[in-house]
Amino acid sequence: MGEEFLEDLDVVFAEKRYETIKSILSQVWRRKEVKWTFTDLLDHAFLHRGLGIPIFLSLLWAVFLFTFNFSEPFMVMIEMFFSWVGGFASGLENEVLASFIADGICGGLGSVFVFVPPIFFLFLALAVLEDSGYLARAAFVMDRVMYRLGLHGRSFVPMIMGFGCNIPGIMATRTIENENDRLITILVNPLMSCSARLPVYVLISSVIFGGGYLAAASIYVMYILGIALAIVMALTFRKTLFKGKPSHFLLEFPPYRIPTKRNVLTLTWERAKWFLIRAGTIIFSVMIIVWFLSSFPWEATGGGVNIEASYIAAFGHLIEPLVKPFGWNWMAAVALFFGFLAKEVVVGTFGALLGGGEEMVRDSLIEAGMFTQLTGFAFMVFTLIYVPCVATVGVIARETNSAKWTIFSIVYLIVLAFIVAGATIGIGRLLGIP
Amino acid sequence: MDFPRKLGKTAAVYAFILGFLYLTIGPLEVAGGIEKYNIPGDFWTGLTLLVVAANYLYAVRGLWRGEFKGASFLLTGFILSTVFGLIFILLMGADGLLYLLGEAEEFSPITNFRPEIWLFIASTPVTAFILKIKRYMYRV
């Protein structure tokens with residue numbers, strides 16, 4: 001009763017605010033009477049009941065098409081650079097130092113840095129949509145669906161932010177007043193594919209589909225699957241843990257405008273900078289650990305050549321049974337394990353384990369025949385769903401202020417990952433997909 | 001009636017032609033394409049072409065009556081066709097760059113000249129219509 005009253009009060013406040021603005025404006029400002037503005041023209045179609053969502057999905061596809069295909073030559077250039085440095089380092093007299101630079105830095109960190117272009121272009125495209133005023137409309141269009149499925153319309157903005165990084169996405173849920181709506185949004189936010197998972201998708205899709213449009217399509221499917229799972233889980237939570245209807249959504253639209261170069265580049269840089277900082281700190285530290293574990297005991301591994309004799313292989317074989325049913329080996333298990341620290345590390349781990357010397361990680365994965373189309377796709381699905389990175393878990397703990405919900409978010413995501421990846425493998429096998 | 005009917009009828013006919021073209025190419029891309037006519041198989045892009053077609057065809061009735069509602073869908077259809085047209089022009093450049101880097105065995109501008117590009121070029125006259133109706137958006 002009290003909540004309903006507060007929601008109505010929001011609407012009354014908004015109406016009164018606009019009435020006051022209108023009465024003041026009519027006294028101090030005269031202008032030509034406007035029948036339709038460009039904003040009206042665009043809103044009529046973008047917010048259309050039937051076409052609004054297809055238009056949104058088309059623009060989302062345009063973002064991915066641009067991001068992944070346009071960044072390819074730039075990725076090749078960075079790959080060439082690290083390949084050159086790796087080749088140069090291999091010639092060093094100190095074997096341990098040579099292995100550290102070639103396998104640890106160039107193989108591991110290099111394979112993560114290669115993904116700076118797609119991440120930069122993804123943020124650039126999202127910044128264009130945001131600065132143009134379209135993203136607010138997308139939230140409104142999606143609200144109709146989200147409300148029916150138990151999510152609050154205001155959840156859409158944190159969800160979209162989750163595409164960049166789940167941490168600001170979860171922090172943005174502070175704008176949701178209703179505690180139940182907020183908790184549901186926090187719990188499903190890790191299902192939105194953050195940019196850290198992007199390198200894993202790009203790598204595995206290029207391994208199993210050989211790049212091009214099919215690879216881009218499989219990445220698009222990951223993002224759509226993330227949204228779909230978030231909606232399904234929100235509905236499940238609404239029907240079980242947080243019974244009741246979501247509160248109403250009130251949103252003020254900014255006018256459409258042509259995005260300015262300065263705004264777009266600032267927004268892009270602010271977000272892309274975060275990836276570079278992470279690569280230089282967390283990912284770099286983890287890659288040193290992975291390199292150490294994969295190269296030592298030095299004598300037994302022959303300087304990291306015989307990886308089966310390394311510490312990391314022993315650990316990998318220990319946890320391999322968990323992922324064996326999906327057709328993945330111990331290296332995939334280890335990559336996923338270290339991915340808990342930061343998702344980009346999944347790629348970096350493959351780089352350190354396979355991509356030694358001048359060989360790049362993608363070619364090495366293809367040569368090793370580690371993934372078929374089906375098992376590779378299931379690996380992408382698993383990466384999308386299983387536990388968010390350790391920093392995100394920390395933010396969930398802080399924002400929910402509850403150990404119970406933090407542990408619950410980890411457990412349900414792991415269980416869901418096993419179920420969905422298992423279903424992918426099962427359905428794929430039934431359809432005869434290799 | 002928001003703007004002269006004659007203007008609207010011309011735009012309606014053009015929107016219908018564009019909608020029909022998008023409606024033809026979209027399903028062909030979804031179905032796997034026709035190599036002979038340089039129409040690639042591209043499921044998701046094919047679906048988006050259907051969305052563009054829907055916008056253009058949805059615009060026809062409103063435009064015929066001289067209503068801004070019709071112009072709204074025409075403008076949105078044009079924006080979508082511009083977005084996809086420009087993206088595929090950029091991708092053509094990216095493919096050329098890959099060839100120069102030695103990562104692609106061949107680069108053919110003709111193969112890269114996808115339907116989205118020529119459909120975008122065919123859509124450009126829509127800008128003239130939008131500029132023309134701009135004056136009717138304000139009641140002087």
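User: Which residues are linked with A:Glu179 in a network of salt bridges?

Analyst: This is a predicted model, and the pairing rests on a simple idea: side chains of opposite charge can pair when their charged atoms come close. In chain A, such contacts join A:Glu179 into a network of salt bridges, and its other members are A:Arg182, A:Arg398 and A:Glu399.

User: How many residues apart are A:Arg238 and A:Asp181, which meet in a salt bridge?

Analyst: The side chains of A:Arg238 and A:Asp181 meet in a salt bridge, at 2.5 Å from N to O. A:Arg238 belongs to helix H12 (residues 212-240) of chain A, whereas A:Asp181 belongs to helix H10 (residues 179-188) of chain A, and the pair thus links distant parts of the chain, 57 residues apart.

User: Is A:Asp181 buried or exposed?

Analyst: A residue counts as buried when its relative accessible area is under 20%. Because A:Asp181 has 1% relative accessibility, A:Asp181 counts as buried.

User: What is the N to O distance in the salt bridge between B:Glu116 and B:Arg114?

Analyst: B:Glu116 counts as buried because its relative accessibility is 1%, and B:Arg114, at 4%, counts as buried too. The side chains of B:Glu116 and B:Arg114 meet in a salt bridge, and the N to O distance is 3.0 Å.

User: How many residues apart in sequence are the parts that B:Asp42 and B:Arg114 tie together?

Analyst: The side chains of B:Asp42 and B:Arg114 meet in a salt bridge of 3.1 Å, N to O. B:Asp42 lies in the loop between helix H1 (5-30) and helix H2 (43-64) of chain B, and B:Arg114 in the loop between helix H4 (109-112) and helix H5 (115-123) of chain B, so the parts tied together are 72 residues apart in sequence.

Key. Residues numbered from 1 in each chain as written. Chains lettered and ligands numbered in written order. Predicted model: local features only at pLDDT ≥ 70, side-chain atom pairs only at ≥ 80, totals over all residues. Heavy atoms only, no water. Salt bridge = Lys/Arg side-chain N within 4 Å of Asp/Glu carboxyl O. Helix = DSSP H or I, 4+ residues; strand = E, 2+ residues; numbered from the N terminus. Buried < 20%, exposed > 50% of the residue type's maximum accessible area, 1.4 Å probe, protein only.
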